[in-house]
Structures are given as C-alpha cells and as structure tokens.
Amino acid sequence: MEKKLKHLEFIQNAINRMANNSFIIKGWCITLVVALIALLEKENINNNYIPFSFIPLLFFWFLDAFFLKTERQYRRLYADVSKKGKKEIDFSMDITPYKECYVEALFSRTLLPFYLSLMGIVLVIIFMIK
C-alpha cells in the first residue's frame, strides 16, 4: 500500500505543477495586457502595431491549454493508478496512453471566458483610443 500511495503522491505533484503553471500564465497574461494598455494610451503609437497586441494573448492561451490538457492526462493516470493493486504499481508517469483533445482544452469552460474577456477588453480599449 505504501508503494501505491507514493506513486499517487508523485502523480499529484505533477498535477499541482500543471495547475500552478496555468495560474502563473494567467498572471503574466493579465500583466502583459495591462502593460499593452498602458502603451496604447501613448499618443504617438503607430496604429499598425495595435493588432500585434493579440499575439501574446493567443500565445498564452495556447500555452495555458497545453498545461490544462497535460493536467487532465495526469488526472486520468491518477484515477487508473488508484484502481490498481499493490503488485501492479510500477511508478510509471507515462501519460501518452491517455489521449486528450487539445482543442477541447483550448475552448474549455475555464479558459475560454478568461481569454475572450481579455481580448474583449483590449478591443474596447483599442476602439476607445482610435
């Protein structure tokens, strides 16, 4: 039983790291949006550069979806290991058998509202500045 608990602890640590990475990415994304808004308020900004403000948002969104997808795979591994017997525990952290759709993670109910609202805020500010 001790081997099983240790294996589950390893998997839980990986899940916690994925969730922490996602949290940090959201914080960096908000910081970047605020910085871009501050830059957009300058009067001498070239309007051709404004559409480029969405590139970092998209980058963070895709990266956040990757961490969510990986977290879901580790959760499935955790569920499978919790059902195993003592002799079946091999301390494997391989998540490749657990297929998760990247697009589902990208448009999940946790990521979609967050990133769409940030994009909406940037759009509103861009139209207010013009």
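**View 1. Asp64 is buried, its relative accessible area coming out at 0%.** Here, buried means under 20% relative accessible area, exposed means over 50%, and partly exposed falls in between (1.4 Å probe, protein chains only). Keep in mind that this is a predicted model: local features need pLDDT of at least 70, side-chain atom pairs count only at pLDDT 80 or more, and totals for chains, interfaces and linings use all residues. Residues are numbered from 1 along each chain as its sequence is written, and side-chain values use heavy atoms, with hydrogens and water left out. Asp64 sits in helix H2 (residues 54-83); helices are DSSP runs (H or I, at least four residues), numbered from the N terminus, as are strands (E, at least two). Set aside the neighbours within four places in sequence, and Asp64 is in contact (heavy atoms within 4.5 Å) with Ser22, Ile25, Lys26, Leu111 and Tyr115.

**View 2. Asp64 has side-chain partners in Ser22 and Lys26.** With Ser22, the Asp64 side chain makes a polar contact of 2.4 Å. That term covers a pair of N or O atoms within 3.5 Å; within protein, one must be able to donate a hydrogen and the other to accept it, and residues adjacent in sequence count only if both atoms are side-chain atoms. With Lys26, Asp64 forms a salt bridge, and the closest N and O atoms are 2.8 Å apart. A salt bridge here is a side-chain nitrogen of Lys or Arg within 4 Å of a carboxyl oxygen of Asp or Glu. This pair ties together distant parts of the chain, with Asp64 in helix H2 and Lys26 in helix H1, 38 residues apart.

View 3. Arg75 is partly exposed at 46% relative accessible area, while Glu71 is buried at 11%.

**View 4. Phe62 and Tyr102 make a stacked ring pair.** Searching the whole structure turns up seven aromatic pairs. Their ring centres are 6.3 Å apart and their planes meet at 15°, so Phe62 and Tyr102 count as stacked. The rule pairs rings of Phe, Tyr and Trp (its six-membered ring) with centres within 6.5 Å; planes under 30 degrees apart are stacked, over 60 edge-to-face, and the rest tilted. Phe62 belongs to helix H2 and Tyr102 to helix H3 (residues 102-106), so to speak 40 residues apart, and the pair links distant parts of the chain. Phe62 is partly exposed at 39% relative accessible area, and Tyr102 is partly exposed at 29%.

**View 5. Phe114 and Tyr115 pair edge-to-face.** The two ring centres lie 4.8 Å apart with planes at 85°. Phe114 and Tyr115 are both buried. Lys26 lies over the face of Phe114, 5.9 Å from the ring centre; to qualify, NZ of Lys or CZ of Arg must be within 6 Å of the ring centre and within 35 degrees of the ring normal.
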